[in-house]
Amino acid sequence: MCIRDRVYTHPEVAAVGRTEEQLKEEGIEYSKGVFPFMANSRARANVDNEGMVKVLADKKTRRILGIHIMGPNAGEIIAEGVLGMEYGASPENIGKVCHAHPTLSEALKEACLAAHHKAIHF
């Protein structure tokens, strides 16, 4: 079961799964996708563009192992990542889902695409 952590500060912080440090300690090869909110049009329009989304995935199985968000609405955006992790999603699975534009949740999509080396906007 995936249990998320969240901190309601400004910017918000939310995470689920393993960190890079844990993956290194466990000797798991992983890919990483990062997307800054500064590159997200909704965050820029709201003048609330601090932070980023980071997605960590197993290089062999492609399953998402961790998602870390610091930025606007992180506590809500993380829910999509938790759902994906619960069902064994890869970054590509989330990256292929159509997200409304402009929305903050597009940052998760972009980080997933970056973990698959196919980022669109950054």
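**Close-up 1. Helix α3 and its packing.** Helix α3 covers residues 74–86, and its 13 residues reach 18 Å from first C-alpha to last, close to the 18 Å expected at 1.5 Å a residue. That expected span is 1.5 Å times one less than the number of residues in the helix. Helices (H or I, at least four residues) and strands (E, at least two) are DSSP runs, numbered from the N terminus. This is a predicted model: local features need pLDDT of at least 70, side-chain atom pairs count only at pLDDT 80 or more, and totals for chains, interfaces and linings use all residues. Residues are numbered from 1 along each chain as its sequence is written, and side-chain values use heavy atoms, with hydrogens and water left out.

The buried residues of α3 are Ala 74, Gly 75, Ile 77, Ile 78, Gly 81, Val 82, Gly 84 and Met 85. Buried means under 20% relative accessible area, exposed means over 50%, and partly exposed lies in between (1.4 Å probe, protein chains only). The packing partners of these buried residues are strands β1, β2 (12–17) and β5 (64–71), plus helices α4 (91–95) and α5 (106–115). Contact here means heavy atoms within 4.5 Å. After α3 comes Gly 88, with a positive phi near 70 degrees.

**Close-up 2. Helix α5, a covered helix.** α5 is mostly covered, with 10 of its 10 residues buried. His 117 follows α5, and its phi is positive, near 60 degrees.

Close-up 3. A salt bridge is a side-chain nitrogen of Lys or Arg within 4 Å of a carboxyl oxygen of Asp or Glu. By this rule the model has 4 salt bridges. One of them pairs Lys 32 with Glu 20, at 3.5 Å from N to O. Lys 32 sits in strand β3 and Glu 20 in helix α1 (residues 20–25), so the pair ties together parts 12 residues apart in sequence. Lys 32 is partly exposed at 40% relative accessibility. Glu 20 is buried, at 11%.

Glu 20 also forms a salt bridge with Lys 54, with the closest N and O atoms 2.9 Å apart. Lys 54 belongs to strand β4 and Glu 20 to helix α1, so this pair links parts 34 residues apart in sequence. Lys 54 counts as buried, at 17% relative accessibility. Shared partners join Glu 20, Lys 32 and Lys 54 into one network.

**Close-up 4. The Arg 18 and Glu 26 pair.** Arg 18 and Glu 26 form a salt bridge, with their closest N and O atoms 3.1 Å apart. Arg 18 is partly exposed, at 31% relative accessible area. Glu 26 is partly exposed as well, at 44%.

**Close-up 5. A nonpolar surface patch.** Val 7, Val 13 and Met 70 form this patch, with about 210 Å² of accessible area together. Patches use residues with over 30% relative accessible area and no salt bridge; like charges are joined within 9 Å, and nonpolar side chains (Val, Leu, Ile, Met, Phe, Trp, Tyr) within 5 Å. Areas come from the Shrake-Rupley method with a 1.4 Å probe, and for residues only the protein chains shown count as cover. Val 7 lies in strand β1 (residues 5–7). Val 7 is partly exposed, with a relative accessible area of 42%.
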